[in-house]
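Trainee: I have a structure to read and some terms to sort out. Can we go through them one by one?

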Amino acid sequence: MKTRILILTFFASTAFSFLFANTNQNLELRYYKPASIWEETLPLGNGRIGMMPDGGVDKEHIVLNDITMWSGSEEDALNPDAYKYLPEIRSLLLAGKNVEAQDIMYKHFKCKGVGSGFGAGNNVPYGCFQMLGDLYIHQKYAGNDAVLNYSRALSLNNALATTTFSKGGVTYTREYFTSFGDDVLVIRLKANKKKSISFDLELSRPERATALAKGNEIIMSGQLNDGYNTAMGVRFYTKVRVINKGGKLSDDGKKLSLNNANEAIILISTSTDMLDKSYISTVDNLMAKSAKTSFTKLRKKHVKEYQKKFNRVELNLGKQNANSATDRRLTDFQNNDDPVFVALYFQFGRYLMICGTNENSMPLNLQGLWANTVQTPWNGDYHLNINVQMNYWLAEVCNLSELHMPLIEFTKSLVPSGTATAKTYYGAEGWTAHMMSNPWKFTAPGEHASWGATVTGGAWLCEHLWEHYAFTQDKEYLASVYSTLKGSADFFLSTLIKESKNGWLVTAPSSSPENGFRQAGTDQTAFVCMGPTMDTQIMTELFTNVLTAAKILGIENDPTVEKIKTVLPQLPPMQISEKGYLMEWLEDYEEVEPTHRHVSHLYGLYPSNQISPNSTPELAAAAKKTLNRRGDSGTGWSRAWKVNFWARLHDGNRAYKLLKSLLQPAVDLDAKKDARHRGGTYPNLFCAHPPFQIDGNFGGTSGIAEMLIQSQDGYIDLLPALPDVWKTGNFKGLRVRGGAEVDVEWENKKVKTITIKADVTNIFKLKVPENVSTITYKRKNLTVENGFVSLDLKKGQKVKLSCE
């Protein structure tokens, strides 16, 4: 059957109604009991500060967070003696003696000092992201009546949380939000009967804090360890104020007590001196302003500001059932297809990004901005061998481009430290960063070469600098990051060595992130190597992007550009093993762990576009074999990465299978024991490594977007990996490279309508459905050439296509 496409064109206006209106979709996480573990609590945030209430009836525990709560401080982590060992390390690698080279690196080619403290950096200079404090509401009731009609929920539409229940004939309601408009945390307690609100309020922290309750406020302040036990650590200041209607408020120095009030509002203002040297006055001013504003106005302004970002994108795969318990839906999803649950999870990822960072904030770390301990797992830092990058995979395609900026600015800020690292360890030009970093700009190799030797962490970050340009087409921005891209390329141009077998130029030393192999002829495990496939893929992408950027910006006679043109053809090609899978290293080594969580050698498939079913079918087939060998299990974020892989391979059903694997419950609802030690998803939809790592949430959302729309190959590809279970649906507001937003509606897996809005003036190439013979545009027939149509659009122009 042939499909007829009708194209209508019009320009955007404020009065325009979007094609697919689903603004009434009620996107909620809902539960019918209080949280019993932190991974059941509900995350709220405004990109700088946050909280996670557990909904306890008698004792509510609310964990408070600030994204700048980092211990540690700047340190000299550069080992000046490391460079002396580089020639020997390279000679051993060239001789195939990886373990011997590795032994030298374990001793000498690492950071000075203790580095990250092997993931326990709270009290060392590297530092640790950590919780701000614990707020406890001890609510008091008349009598010991049973709790009825309990419910708590998180609205993704409004970034509001609620807890409601009845007790002794009284209905109690708590509302919580982290204000996007006034930059404070807000909690309201009310009841349907006067004089029913009574509670004690406490604020504390496990260490390094003092708190004083006086009048209607609790003030907590302290200083984190700088790693040297001096007075140079990050200082914090938190103020909690109770505004009560009726009742009597008192203090005993440790807590505030409110009795017989009609209603109470709890305001929390907090900051640190990491980014704000006037942090105390900031806290006081925010509190003073918010205290003068009614709760209704605070909430209205908050919702309005939040929705400016959230409402850009919609995904409908059916009608949401807001009354179903989210933890039960998560469990049932393994046995029952629930497309609307996928849409909820997709939007939850966008919600977490909006709430976890903002344009002027710090990058999302391993836990976003949420933590419930002072020693966060793996320091809650920036892992540069996939994790911090995965946090931002959804930023562009899911229409949150400005939230990419904290990572981009962070990357640029690493250059001075990375330049010193390049010179000290490699005698090299340019800049580099290895496996991990922090707000103190750590770029040295980690304290153990098995995972800390990866040399392409900074170059991987540069991929995000380019992607932001690819989606926005902002040449002024591109000019501002060109030196960072160029500096990263300069590092590799001055450090590559020629391997002896084929004469290819390779990195040395390095590693394929965290994965090991058997050294030939031995049973010894090696991690350190030269020229792992991922390094070559990242360099190929970086070099290509620098060449393209130079051309766009009209840069001529740049020595770096000329060197790249010479070096690029000398990089190793991607190799397919005799068994048909893509090789992870220069040699087809025996893997120690064939199902390893990292699948680093498929970087070229995703997030890069060097492997494609269309342009490189043999490599795509090898990628499939690689994924089948790796398997569908693994850590939560590993499963999320595999969703993206299979979407890029245009296998929607396999991508959906991996999505189900990602959404495997990490806590068994039907068991009577804690089961937080398996990968998947927690009851509050946080991703389980385990423990909680937020990257899997963002990777999962990115994977769903990749199933719906792709643009990495120079054209817009609609529904490239649509699974059979998503037969009918629509989305609005997803973005494509080249600078456009796209809306699509489909029925029985057939595209019905398409809307493209150009954010910039450009020519957009669209892959049209098979069997299309006629396209009508302004009453003129356009010829579809090889399955594609080109649309020349002006900035702000919209083109509507109807497929019959």
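Mentor: Start with confidence. This is a predicted model. Its mean pLDDT is 93, and 94% of the residues reach 70 or more.

Trainee: What is the pLDDT over residues 1–23?

Mentor: It stays under 50 there. The model still has 77 contacts beyond four places in sequence for that stretch. Where pLDDT is low, predicted coordinates should not be read in detail.

Trainee: Why is Val-283 called buried?

Mentor: Buried means under 20% relative accessible area. Val-283 has 0% relative accessibility, so Val-283 counts as buried. It lies in helix H3, residues 279–291.

Trainee: Which residues is Val-283 in contact with, leaving aside neighbours within four places in sequence?

Mentor: Tyr-237, Lys-239, Ser-269, Thr-270 and Ser-271. Contact means heavy atoms within 4.5 Å.

Trainee: Now the second largest pocket. What lines it?

Mentor: The lining has 29 residues. Trp-466, Ala-470, Gln-712, Gly-714 and Arg-737 lie nearest the centre. The space in this pocket is about 600 Å³.

Trainee: Which element supplies the largest share of that lining?

Mentor: H13, with six residues. Helix H11 (457–472), helix H13 (533–553) and strand E35 (762–767) each give at least two.

Trainee: How many lining residues of the second largest pocket fall in each class?

Mentor: Nine are nonpolar, 13 polar and seven charged.

Terms used. Residues numbered from 1 in each chain as written. Predicted model: local features only at pLDDT ≥ 70, side-chain atom pairs only at ≥ 80, totals over all residues. Heavy atoms only, no water. Helix = DSSP H or I, 4+ residues; strand = E, 2+ residues; numbered from the N terminus. Buried < 20%, exposed > 50% of the residue type's maximum accessible area, 1.4 Å probe, protein only. 1 Å grid on protein atoms, 1.4 Å probe; cavity = no way out; pocket = protein on both sides within 12 Å on 5 of 7 lines; lining within 4 Å. Points joined across faces, edges and corners; volume = space filled by probe spheres on them. Nonpolar A, V, L, I, M, F, W, Y, C, P; charged D, E, K, R; others polar. pLDDT = per-residue confidence, 0-100.
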